[in-house]
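Trainee: Could we go through this chain together? I would like to know what stands behind each term.
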Amino acid sequence: MKVNRETKRLYVGGLSQNISEADLQNQFSRFGEVSDVEIITRKDDQGNPQKVFAYINISAAEADLKKCMSVLNKTKWKGGTLQIQLAKASFLHRMVIQRISQRTSSLVLTVNVKQRRHRLRSRAIQERKG
């Protein structure tokens, strides 16, 4: 039986400043195939690290993803307390989806208009013949 694996993007908050991509890769690869790790450090006005979080792309079965979130969420790890949730789509990602949706809608509209014109033209030709 083949397990359906989906790629999901996870938000991982509460990370310590000394965390590495390799650390996250090792920790999350127990639950699925990690394809990308992006660590983000927000700094204050003086340049001091204030908040460290990451986005992880992981391909896993739904059950493994749930297990990952339940096992790791709110656990202490390498000096931080993990906060794990499905990531919200980024603004840029939402814009791409919206543009694709608009193109698809306009394509369908164009096809429908052309089909209607063709039917009207065919009907007009038949009426002239008849």
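Trainee: What share of the contacts in the chain with a separation of 6 or more comes from residues 24 or more positions apart?

Mentor: They account for 66%, where contact means heavy atoms within 4.5 Å. Keep in mind that this is a predicted model, with local features needing pLDDT of at least 70, side-chain atom pairs pLDDT 80 or more, and totals for chains, interfaces and linings using all residues. Residues are numbered from 1 along each chain as its sequence is written, and side-chain values use heavy atoms, leaving out hydrogens and water.

Trainee: How do you know that β1 and β6 pair?

Mentor: DSSP must find at least two bridges between two strands. Strand β1 (residues 5-13) and β6 have four, in the antiparallel sense, so they count as paired. Tyrosine 11 stands opposite glutamine 85 in β6.

Trainee: What makes β2 and β6 edge strands?

Mentor: The open sheet has the order β2-β3-β1-β6, with antiparallel pairing. β2 (33-43) and β6 (83-86) each pair on one side only.

Trainee: What share of the 130 residues is buried?

Mentor: It is 24%, buried being under 20% relative accessible area with a 1.4 Å probe, protein chains only.

Definitions and conventions
Helices (H or I, at least four residues) and strands (E, at least two) are DSSP runs, numbered from the N terminus. Buried means under 20% relative accessible area, exposed over 50%, partly exposed in between (1.4 Å probe, protein chains only).
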